[in-house]
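User: I have just opened a structure that is new to me, and I would like someone to walk me through it. Could we take it a piece at a time?

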Amino acid sequence: MNTHFKSTLLALLLLLVSLPSTANTSSMRHEYAIVFIFQGSCGYCHQFAPSVTEVSRTLSLPVYGFSLDGGAVPGYEVPITATPEIHRTFMTGAGSSQVVPATFLINVNSRKFARISSGLISQDVLYQSLSNALSDPDVQEALR
């Protein structure tokens with residue numbers, strides 16, 4: 001097993017442990033959730049947080065808010081502190097970005113994910129991007 005695969009597997013296992021228990025129950029209504037990565041010290045993250053909350057309500061998707069610095073943003077006053085493994089999994093590697101705020105669509109069963117956004121975008125763009133990902137057969141297949 002190569003080192004990259006091992007670290008990705010470890011990070012995904014840590015994500016599984018970090019997610020609230022409702023994501024692990026068979027009564028979970030949704031196969032997908034939004035992972036929202038932010039920093040409490042980031043002004044753009046503070047501006048973006050209400051959009052994540054509103055879009056998650058509109059699409060009926062739970063949100064898992066991970067803070068890179070342990071700080072809170074509006075609506076995520078008690079964030080999950082991102083471990084180094086979570087940071088590496090979502091924010092580094094091929095095709096990734098260190099830019100926050102960042103959102104991902106994750107299959108809560110397989111723990112596979114797709115990046116939705118990096119940086120401050122409008123609520124409409126976030127909604128459209130998530131809607132497109134949720135209805136795209138190629139994305140759905142990649143997250144199985």
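Predicted model: local features only at pLDDT ≥ 70, side-chain atom pairs only at ≥ 80, totals over all residues.

User: Okay, which residues in the largest nonpolar core touch the most other members?

Analyst: That core has 35 residues, and the ones that touch the most other members are Phe36, Ile37, Phe90, Leu105 and Leu130. At least two core residues come from each of β1 (32-38), α2 (43-59), β2 (63-67), α3 (84-91), β4 (102-107) and α4 (123-135).

User: And which element gives the largest share of this core?

Analyst: That is β1, which supplies seven residues. As a general background point, nonpolar side chains in soluble globular proteins tend to be buried together.

User: What does isoleucine 37 touch?

Analyst: Leaving aside residues up to four places away in sequence, isoleucine 37 touches Phe66, Leu68, Phe90, Met91, Val100, Pro101, Ala102 and Phe104.

User: Switching to α2: where does this helix bend?

Analyst: The bend is at alanine 49 and amounts to about 30°, with a proline, proline 50, following within four residues.

User: Which residues of α2 are buried, and what covers them?

Analyst: The buried residues of α2 are Cys45, Phe48, Ala49, Ser51, Val52, Thr53, Val55, Ser56 and Leu59. Their cover includes the strands β1, β2, β4 and β5 (113-118), together with the helix α4.

User: How about α4, which residues are buried there?

Analyst: In α4 the buried residues are Leu126, Leu130, Ser131 and Ala133. Viewed down the axis of α4, these buried residues fall within an arc of 165°, so they line one face of the helix. They pack against β1, α2, β4, β5 and α5 (137-142).

User: What does the face turned away from the buried side of α4 carry?

Analyst: That face carries Asp124 and Ser135, which are exposed. The length of α4 also agrees with expectation, because 13 residues at 1.5 Å a residue should span 18 Å and the end C-alpha atoms are 18 Å apart.

User: New topic: how many salt bridges are there in the whole structure?

Analyst: A search of the whole structure finds three. In one of them, the side chains of arginine 57 and glutamate 54 meet with an N to O distance of 3.4 Å. Arginine 57 and glutamate 54 are three residues apart in helix α2, so about one helical turn separates them. At 56% relative accessibility arginine 57 counts as exposed, while glutamate 54, at 31%, counts as partly exposed.

User: And which residue does arginine 88 pair with?

Analyst: Arginine 88 forms a salt bridge with glutamate 85, and their closest N and O atoms are 3.6 Å apart. Here too the residues are three apart, this time in helix α3, and therefore separated by about one helical turn. Arginine 88 has a relative accessibility of 42%, so it counts as partly exposed.

User: What about arginine 144 and glutamate 141, how far apart are N and O there?

Analyst: The side chains of arginine 144 and glutamate 141 meet in a salt bridge at 3.7 Å, N to O. Arginine 144 counts as partly exposed at 45% relative accessibility, and glutamate 141 is exposed, with a relative accessible area of 53%.

Terms used: Residues numbered from 1 in each chain as written. Heavy atoms only, no water. Core = buried A, V, L, I, M, F, W, Y, C linked by side-chain atoms within 4.5 Å. Buried < 20%, exposed > 50% of the residue type's maximum accessible area, 1.4 Å probe, protein only. Contact = heavy atoms within 4.5 Å. Bend = angle between axes of the 7 residues up to and from the residue. Expected span 1.5 Å × (residues − 1). Arc of directions from axis to C-beta. Salt bridge = Lys/Arg side-chain N within 4 Å of Asp/Glu carboxyl O.
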